[in-house]
Amino acid sequence: MLAIGVTEWGHILALIALLPLLPGWRGSKMGRIGAAAGIAAALLALSPILRAIPVAHRLPAQLRDAFGEASLRAGNDSPSTPLSARELIFGVSLPAVNKKTLVYVQRDKESLTLDLFQGARSEQTRTPCVIVIHGGSWQNGDNTQLAPLDSYLAARGYAVTALNYRLGPEHRFPAALDDTQAAIYYLKANAAELGLDGEHFVLLGRSAGGQLALLAAYTTHDPSIRGVVSLYGPADLVYAYQHPANPLVFDSRGVLEAYLGGSPDQVKPQYDAASPINFVGEDTPPTLLIHGGRDELVSPVQSERLAGALERAGRPSLLLTLPWATHGCDFNFSGPCGQISTYAIERFLKAVTSDK
């Protein structure tokens with residue numbers, strides 16, 4: 001969380017660092033030293049923004065090359081550029097949207113729910129649906145995690161469903177995958193009643209939810225799943241076990257063992273079945289991968305390896321690497337990661353849910 005604060009709120013820290021430049025502080029030798037230190041600290045704090053600018057500049061062309069033109073409809077108030085100084089300071093506008101909670105499946109005595117976000121629409125309008133799957137190492141979290149994106153997309157013409165699913169270690173793989181697929185089946189079966197376009201779904205997941213989104217999209221073989229977005233999700237769980245995170249930061253091997261029931265030596269079929277990279281094929285839907293270059297929890301190599309597999313299979317895909325960013329970088333929805341990733345997600349959704 002400290003790393004996210006430093007990298008995604010650096011522009012605020014830079015303003016604080018410049019306080020020693022106030023006139024009253026420069027009347028002594030120590031004041032002048034403080035002013036010089038403040039300038040150095042401000043430049044350091046601004047380095048994520050400076051690294052984000054070229055990424056933002058390249059992004060529109062990269063999206064067009066990967067997924068085709070994705071012009072937003074007239075009157076859409078979405079940012080025209082991936083990175084806005086105004087939104088860094090004042091935040092991204094989040095209009096009010098409608099929200100309701102629905103039970104999508106019963107598991108023993110447990111009711112699993114999803115939240116459905118929708119903007120204003122006519123009774124005859126059916127909208128594409130984004131299915132959002134939260135992270136939390138398959139053991140924690142719920143569907144309220146990082147909710148601003150849900151409201152943002154709902155206000156721009158998408159139905160957004162945020163899932164709760166069974167958590168480990170009580171419920172091991174494939175329980176969470178089964179729940180994700182059950183949610184897809186529920187939404188398709190009730191599409192007309194809920195105002196959804198039952199032929200246009202996109203899965204989106206963060207961290208552990210990214211693994212679930214990729215795996216469900218790649219193994220369900222459902223043409224109504226038009227695309228999948230993974231934000232810093234693991235794609236090759238054997239590789240993740242063999243190349244663990246720094247144990248002082250994150251016990252990645254312990255998390256994998258709890259999720260899958262043991263080490264690869266003990267339950268290798270589980271690791272293989274839970275690794276989306278093993279299921280890339282000729283019908284794999286378009287894929288957007290977003291990963292921070294300084295991610296200490298899930299190595300960016302995970303997305304790099306999956307991007308390579310998608311390229312070899314000739315499937316539409318884009319790996320958006322954010323060199324300054326760490327795990328959970330979109331926690332600040334108005335920060336450089338939040339703005340750039342939201343811009344990419346919105347254009348990706350438009351490209352893959354538009355019948356050409």
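Does Pro48 count as buried or exposed, and at what relative accessibility? Pro48 has 6% relative accessibility. Buried means under 20%, so Pro48 counts as buried. This is a predicted model, and the values here are computed from it.

**Overall build**

The protein has 13 helices and eight strands. Its radius of gyration is 21 Å, close to the 21 Å that the globule rule gives for 356 residues, so the protein is as compact as a globular protein of that length. Along the principal axes, the C-alpha atoms fill a box of roughly 70 × 55 × 45 Å. Of the 356 residues, 54% count as buried.

**Around Pro48**

Pro48 sits in helix α3, which covers residues 29-67. Setting aside neighbours within four places in sequence, Pro48 is in contact with Val6, Thr7 and Trp324. Pro323 also belongs in this picture. Pro48 and Pro323 are 275 residues apart along the chain, yet 8.4 Å separates their C-alpha atoms.

**Helix α8**

Helix α8 runs over residues 208-220. It has 13 residues and reaches 18 Å from its first C-alpha to its last. That is close to the 18 Å expected at 1.5 Å a residue. Of the 13 residues of α8, 12 are buried, so the helix is largely enclosed by the rest of the structure. Among the buried residues are Gly209, Gly210, Gln211, Tyr218 and Thr220. Several leucines are buried too, including Leu212, Leu214 and Leu215. Just after α8 comes His221, with a positive phi of about 55 degrees.

**The largest pocket**

Rolling a probe the size of a water molecule over the atoms shows where empty space is left. The largest pocket holds about 650 Å³ of space. Its lining is made of 33 residues. Nearest the pocket centre lie Ser207, Phe250, Leu297, Val298 and His327. The lining divides by class as follows.

| Class of lining residue | Number in the largest pocket |
|---|---|
| Nonpolar | 18 residues |
| Polar | 12 residues |

Helix α10 gives the most, with three residues.

Methods
Residues numbered from 1 in each chain as written. Predicted model: local features only at pLDDT ≥ 70, side-chain atom pairs only at ≥ 80, totals over all residues. Heavy atoms only, no water. Helix = DSSP H or I, 4+ residues; strand = E, 2+ residues; numbered from the N terminus. Expected span 1.5 Å × (residues − 1). Buried < 20%, exposed > 50% of the residue type's maximum accessible area, 1.4 Å probe, protein only. Contact = heavy atoms within 4.5 Å. 1 Å grid on protein atoms, 1.4 Å probe; cavity = no way out; pocket = protein on both sides within 12 Å on 5 of 7 lines; lining within 4 Å. Points joined across faces, edges and corners; volume = space filled by probe spheres on them. Nonpolar A, V, L, I, M, F, W, Y, C, P; charged D, E, K, R; others polar. Rg over C-alpha atoms; globule rule 2.2 N^0.38 Å.
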